[in-house]
Amino acid sequence: MTASPSVRAFEVRHLQLARALFAALAALMVTFSPDHSAALGLSVFSGFAIATGLVFALSAWLVYPAGGRAPVLVLAALNLAAGMVVGVAPWRTTTMLFIVFIAWGALTGLVEILVGVRERRGQAKRGAPRDTLNVGILSAAFAVGVAVVPAGYALEYYIEEAGQSFTLTGTIIAVGIFGVYAAILAVYLGIAGFSPRRDAAAAPTSAEEVGA
């Protein structure tokens with residue numbers, strides 16, 4: 001009698017929920033902080049990227065079968081590299097913020113888009129490839145959104161009720177875009193993680209699931 005393949009204790013949904021949690025924490029930290037400086041933005045991003053990278057690295061062995069781990073390990077490396085680069089306090093400058101935000105969003109977005117497209121061709125009705133593709137598009141859109149913001153932008157304005165002037169800078173806008181991106185990512189991955197899967201009862205036995 002042939003033994004049936006063992007069912008993994010961790011699934012793609014667990015990876016999605018873990019990513020949603022860290023994205024939600026990043027969104028909350030940005031939203032409720034009165035300081036939207038490059039130092040604050042990169043500090044929050046560093047924690048978010050490193051945590052996400054570690055989740056990807058662990059999921060490569062806990063979630064994915066041998067042969068389907070390469071894209072997940074690439075995403076882990078990109079996130080860990082970006083997080084560690086801006087983890088150095090003196091490097092948290094406006095220039096670094098724009099470089100890292102754009103490069104990270106573009107690279108991770110491209111990887112997830114490619115994985116999602118490839119997997120949709122093989123299993124068009126499975127949820128994970130669709131979610132991977134959508135997250136990739138969201139990350140790429142984040143990169144584009146930051147790229148169109150002038151780094152040196154500064155707009156002085158006066159709020160009569162507060163009795164003082166304020167300055168809206170490109171850095172503040174970029175950090176705000178990151179906060180919005182993190183919030184959307186958290187909601188999307190949270191919904192995806194809790195959504196029922198038609199293939200939930202099937203054990204992953206091949207490299208058909210390589211991104212979430």
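Author: What follows looks at the first helical pair and at the residues that connect this part to the rest of the chain.

This is a predicted model, in which local features need pLDDT of at least 70, side-chain atom pairs count only at pLDDT 80 or more, and totals for chains, interfaces and linings use all residues. Residues are numbered from 1 along each chain as its sequence is written, and side-chain values use heavy atoms, with hydrogens and water left out.

The chain has six helices and two strands, where helices (H or I, at least four residues) and strands (E, at least two) are DSSP runs numbered from the N terminus. Read from the N terminus, the order of elements is α-α-α-α-α-β-β-α. Of the 212 residues, 43% count as buried; buried means under 20% relative accessible area, exposed over 50%, and partly exposed in between, with a 1.4 Å probe and protein chains only. Among the contacts in the chain with a separation of 6 or more, 77% come from residues 24 or more positions apart, a contact being heavy atoms within 4.5 Å.

The pair itself consists of H1 (residues 12-31) and H2 (residues 38-62), whose axes come within 10 Å and cross at roughly 175 degrees. Axes here are lines fitted to C-alpha atoms, for helices over the stretch in contact, and angles run from 0 to 180 degrees between N-to-C directions. H1 and H2 are therefore roughly antiparallel to each other; angles under 35 degrees count as roughly parallel, over 145 as roughly antiparallel, 65 to 115 as roughly perpendicular and the rest as oblique. On the H1 side the contact is made by Leu15, Ala18, Arg19, Phe22, Ala23, Ala26, Met29 and Val30, and on the H2 side by Val44, Phe48, Ala51, Thr52, Val55, Phe56 and Ser59. By class, the residues of this contact are twelve nonpolar, two polar and one charged. In that count Ala, Val, Leu, Ile, Met, Phe, Trp, Tyr, Cys and Pro are nonpolar, Asp, Glu, Lys and Arg are charged, and the others, Gly among them, are polar.

H1 has 20 residues and spans 28 Å from its first C-alpha to its last, close to the 28 Å expected at 1.5 Å a residue; the expected span is 1.5 Å times one less than the number of residues. The buried residues of H1 are Val12, Arg13, Leu15, Gln16, Arg19, Ala20, Ala23, Ala26, Ala27 and Val30. They cover an arc of only 145 degrees around the axis, so they sit on the same side of H1; the arc is that of the directions from the helix axis to the C-beta atoms. An α-helix has 3.6 residues a turn, so residues three or four places apart point the same way.

Ala182, in helix H6 (residues 170-194), is buried at a relative accessible area of 0%. Leaving out residues up to four places away in sequence, Ala182 touches Ala23, Ala24, Ala26 and Ala27. Ala182 and Ala20 are 162 residues apart in sequence, yet 8.5 Å apart in space, C-alpha to C-alpha.

Asp35 lies in the loop between H1 and H2 and, at 38% relative accessibility, counts as partly exposed. Its C-alpha is 9.7 Å from that of Val175, 140 residues away in sequence.

Ser46, in helix H2, is buried with a relative accessible area of 5% and, not counting residues up to four places away, touches Gly83, Val86 and Gly87. Asn79, in helix H3 (residues 70-85), is buried at 2% relative accessibility. Beyond its neighbours within four places in sequence, Asn79 is in contact with Ala49, Ile50, Thr52, Gly53, Phe56, Trp104 and Thr108. Buried in H3 are Pro71, Val72, Leu75, Ala76, Asn79, Ala82 and Gly83. These fall within an arc of 140 degrees seen down the axis, so they line one face of H3. The face of H3 turned away from that buried side carries the exposed residues Ala70 and Met84.
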